[in-house]
Amino acid sequence: MAGRGTPATQALTKARAGFTVHEYEHDPASGSYGLEAAQALGVPPERVFKTLVAQVDGALHVAVVPVTGDLDLKALAAAVGKKRASMADPTLAERTTGYVRGGISPLGQRKRLPTVVDASAETFETVFVSAGRRGLEVEVSPADLTRLTAATVAPIAAAG
């Protein structure tokens, strides 16, 4: 990590945002990247957010939701003033963002996509999101996350 970082950490550094990088040993057998991160880092899973890519009326959008829940696709579509949403093809998500599944960060993406952050993020001083690869999380304030991704904040998470 020293020196280079990932596109996500580089974006945070360039924006002079306050953040902390947390690294842990990723287990390839883990069933949930986000829950694995919460456990490995010893933080409540409600503070760890996953980055999902969805098709909303044919256009790709990013949804950032707690790992303890699921993405409410109808709520995502409504949050951006559209009608329908579905999960994007994982290969398309990887190609568009420049990150691999399980390591997609809402920050520093190859192509900046419209982003919606779940409103629950605002209840925490800091949240954890992928720093751009499996086994690497970045802790950042919800305000900086929203600002740097030009995100809309809306209730888009459904109970898991």
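Analyst: Happy to! One term comes first: helices (H or I, at least four residues) and strands (E, at least two) are DSSP runs, numbered from the N terminus. Please also keep in mind that this is a predicted model.

User: Between which strands is Asp57 found?

Analyst: Asp57 has a positive phi of about 45 degrees, although it is not a glycine. The residue sits in a loop, and the strands on either side of this loop are β2 and β3.

User: Is Asp57 buried, partly exposed or exposed?

Analyst: Buried means under 20% relative accessible area and exposed means over 50%, with partly exposed in between. Asp57 has a relative accessibility of 43%, so it counts as partly exposed.

User: What about Arg16: is it buried or exposed?

Analyst: Arg16 lies in the loop between α1 and β1. Like any case of this kind, its phi deserves a look: the value is positive, near 55 degrees, in a residue other than glycine. Its relative accessibility is 78%, and therefore Arg16 counts as exposed.

User: How many helices and strands does the protein chain have?

Analyst: Of the 160 residues of the chain, 45% count as buried. As for the helices and strands, the protein chain has five helices and ten strands.

User: What radius of gyration does the protein chain have?

Analyst: The C-alpha trace spans about 45 × 30 × 30 Å along its principal axes. For 160 residues, a compact globule would have a radius of gyration near 15 Å. The value for this chain agrees with that, at 14 Å.

User: Which residues have the most contacts inside the largest nonpolar core?

Analyst: The largest nonpolar core has 24 residues. At least two of its residues come from each of α1, β2, β3, β7 and β8. Apart from this core lies another one of twelve residues, including Ala54 and Val116. Back in the largest core, the residues with the most contacts are Val53, Val64, Leu107, Val129 and Leu145.

User: Which residues is Val129 in contact with, leaving aside its neighbours within four places in sequence?

Analyst: Val129 is among the residues with the most contacts inside the largest core. Leaving aside neighbours within four places in sequence, its partners are Phe49, Val64, Pro106, Leu107, Glu137, Val138 and Leu145.

User: Which residues of helix α2 are buried?

Analyst: An α-helix has 3.6 residues a turn, so residues three or four places apart point the same way. Helix α2 covers residues 33-41, and what covers its buried residues includes β8. After the helix comes Gly42, with a positive phi near 70 degrees. The buried residues of α2 are Gly34, Glu36, Ala37 and Ala38.

User: Is Arg47 buried or exposed?

Analyst: Arg47 is placed in the loop between α2 and β2. The cut-off for buried is under 20% relative accessible area. Arg47 has 18%, so it is buried.

User: At what distance does a polar contact join the side chains of Arg47 and Thr126?

Analyst: Leaving aside neighbours within four places in sequence, Arg47 is in contact with several residues, among them Phe124, Thr126 and Glu139. Its side chain makes a polar contact of 3.2 Å with the side chain of Glu139. With the side chain of Thr126, the polar contact of Arg47 is 2.5 Å.

Methods. Residues are numbered from 1 along each chain as its sequence is written. This is a predicted model: local features need pLDDT of at least 70, side-chain atom pairs count only at pLDDT 80 or more; totals for chains, interfaces and linings use all residues. Side-chain values use heavy atoms; hydrogens and water are left out. Buried means under 20% relative accessible area, exposed over 50%, partly exposed in between (1.4 Å probe, protein chains only). Contact means heavy atoms within 4.5 Å. A polar contact is a pair of N or O atoms within 3.5 Å; within protein, one must be able to donate a hydrogen and the other to accept it, and residues adjacent in sequence count only if both atoms are side-chain atoms. A nonpolar core is a set of buried Ala, Val, Leu, Ile, Met, Phe, Trp, Tyr and Cys residues joined through side-chain atoms within 4.5 Å. The radius of gyration is taken over C-alpha atoms; the globule rule is 2.2 Å times the number of residues to the power 0.38.
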